[in-house]
Amino acid sequence: MTPTSSTLAPRSRARVLLARLEGPQTMGRGPAFWGTAFLAVAAAAAYPLMADAWTVGNAAYFLIWTFMAMGLGVVWGYAGALSFGQTAFFGFAGYAYGVLTLNLGAAYGLTFVALALSVAFGGLFALVIGYFMFYGRIQGVFIGIVTLSVTLVLETFMAQTAGPQWRIGEARLNGFNGMSGMPPLTLPWFGGDILLYPGPSLYYLLLGLVVVCYLGLRIMLNSRFGNVLVAIRENPHRVGMLGYDVRLYQMLAFGIGGAFAALSGALYTAWGQYITPSSMGLTSAALPIVWVAVGGRRDITATLIGTLVVLAGFQSLTIYGSQYALVVMGTLLLLTVLAAPEGLVVGAMKLLGRVFQRSKR
Amino acid sequence: MSEILKVEGLRKAFGGVVVANGIDFSLSAGAMHCLIGPNGAGKSSFFRLLLGEHAPDAGTITFDGGDITGLRSFQRIRRGISVKFQVPGIFKALSVRQNLEVAFQDHLHGHSLDATIREMLEFTDLQGEEMTPAGILSHGQQQWLEIAMAVGVEPKLLLLDEPTAGMSPDETHKTGEMLHELNARGITILAVEHDMAFVEQIAERVTVLHFGSIFTEGTIAEIIDHPGVQEIYLGTSDV
């Protein structure tokens, strides 16, 4: 018999890890898929050369949300727990970034320290909520109800922090109007710090982060951990009877999803230098579910593509169609659930796969 | 042989319904044992108590020398108890391979996952079905897949709740052969079963449960000849 990864040399172990970029839990494999993916990233990298700074900054805004969407994909699509409150971790981390940077300042790369700490706090917060939910045997739709309650309670709490007593060090929480004035991500550099305002520099940083997070999630989802998550989605009782602590796996998946939402939240605050309680409100909480469902919750690639497409469509509708944008989003969700429950991008990818296979024969 | 399982004074009631009424039961390591009894006798409840899905009102369960009465289900599985349910508890939307991967991935001891899966596919006669979604296998194949998954956690004791339910006679016979092979590998087997021909094929000893209590225990011949067994099964007293 051949040895497993645990007995392999580091180089071989790295090869095993890279092999997990492809697997049963993620669509897309082979040179055609990776060639297309490379072209897509190359096109995205070339985009700032063809667009003005404002448009590039706006594209960076789209990229920010993909982290929360991919995290929700892990929690909902892979682990089978519909969280309606990822915005709680988004907002928590957004405020954490504001409080930390207003107190620490932007010198010496401290904004990146604040970013890392905000993500860690958001992930930890998700682990705590996840612990009480999953170890408290909350299941099914009740997970959605509890998580929605958490985000709405946070929104309500933050909205009443207008008084001067609501401050943490130098940072005023500012109630309904939210916090502002925090520094953007600031990169220490020879000859002067580089301030990453919305524009090409921030865009490239976010694009790199999206690529790293996407590939990292593919490896994780095709690992032993991912195998167990998908099995829990299908039949948690059987998974427990295979000796796995189902609650622990669900809690960890929820923590990872929370950390990804927190990454979006902290980056959002750094991008616009503001964060308000409405970022944790009902509308904000519902939108990630639309992005993920429309793209396809059970595949991380579909989630990523779907989120970018729906976000761009939503913004166009908001500009040209004003209030109707939300109605269209709701209709899109209903149509997806009724006509393509696996998601539109997954449906299209499967169709393309079939056409490709047929043409090969 | 040493005892692998010892149950003493096990009692469980749901309101006024007593599903285990002070059960004393023991099983030798390496045994092939069947539990029989009419519907409602408490066989499945006894399994759930062994698996930790129900907490007993009284009594103790000792497995492999350790008290497991207070352990959670997954902890009991890690100690070496495994189960195959009456309704196949498989991951229907996943491929046969994925089902086996989840079961075997933490129990390889340096062996290759691919080789282990190939071996189990051969053992369960599921060669060629590796990438088939488990939900579209025939009922018998689903039962065999679940037996393979249950074996994946390296059990010392394998609990089988009606493993041949819904199987054809050929499939039933093949299942019996599989269980003999697993037993020869050192796995103790305790099965709930209604099909007496299958019980005869696999069991060295049989325990009859009735109203949550042990009614009698013996070899299959002793059980068949027992004057009270047919009475409790068929409700007649002319045996």
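A residue counts as buried here when its relative accessible area is under 20%. By that cut-off B:C34 is buried, because its relative accessibility is 0%. A:C213, at 12%, falls under the 20% limit too and so also counts as buried. Everything here comes from a predicted model, so these are computed values for a structure that was modelled. As for cysteine pairing, a disulfide is a covalent bond between the sulfur atoms of two cysteines. The count over all chains is zero disulfides.

Now to where the two chains meet. On the chain A side, 25 residues are in contact with 30 residues of chain B. The size of an interface is often given as the accessible area lost when the parts come together. For chain A and chain B that area is about 2400 Å², with carbon and sulfur atoms giving 58%. Polar contacts turn up as well: twelve residue pairs across the interface of chain A and chain B, with both residues at pLDDT 80 or more. On the chain A side, the elements that give two or more residues to the face touching chain B are α8 (224-234) and α9 (236-240) of chain A. Of these, α8(A) gives the most, with seven residues. Sorted by class, the side of chain A that touches chain B has ten nonpolar, eight polar and seven charged residues.

Charge pairing also crosses between the chains. Two salt bridges are counted between chain A and chain B. In a salt bridge between B:D106 and A:R224, the side chains meet at 3.3 Å, N to O.

Zooming out, a search of the whole structure gives 13 salt bridges over all chains. Within chain B, B:K84 pairs with B:E146, and their closest N and O atoms are 3.1 Å apart. As for solvent, both B:K84 and B:E146 are buried.

Another chain B pair is B:R185 with B:E119, whose side chains meet in a salt bridge at 4.0 Å, N to O. B:R185 lies in the loop between α6 (169-184) and β8 (188-192) of chain B, while B:E119 belongs to helix α4 (residues 113-123) of chain B, so the pair ties together parts that are 66 residues apart in sequence.

At 35% relative accessibility, B:R205 counts as partly exposed. B:E217 is partly exposed as well, with a relative accessible area of 35%.

Finally, some charged side chains join up in a group. B:R97, B:E101, B:D114 and B:E130 are linked in a network of salt bridges.

Note on methods: Residues numbered from 1 in each chain as written. Chains lettered and ligands numbered in written order. Predicted model: local features only at pLDDT ≥ 70, side-chain atom pairs only at ≥ 80, totals over all residues. Heavy atoms only, no water. Disulfide = S-S within 2.5 Å. Buried < 20%, exposed > 50% of the residue type's maximum accessible area, 1.4 Å probe, protein only. Contact = heavy atoms within 4.5 Å. Buried area = accessible area lost by both parts, 1.4 Å probe. Polar contact = N/O pair within 3.5 Å; in protein donor to acceptor, adjacent residues only side chain to side chain. Helix = DSSP H or I, 4+ residues; strand = E, 2+ residues; numbered from the N terminus. Nonpolar A, V, L, I, M, F, W, Y, C, P; charged D, E, K, R; others polar.
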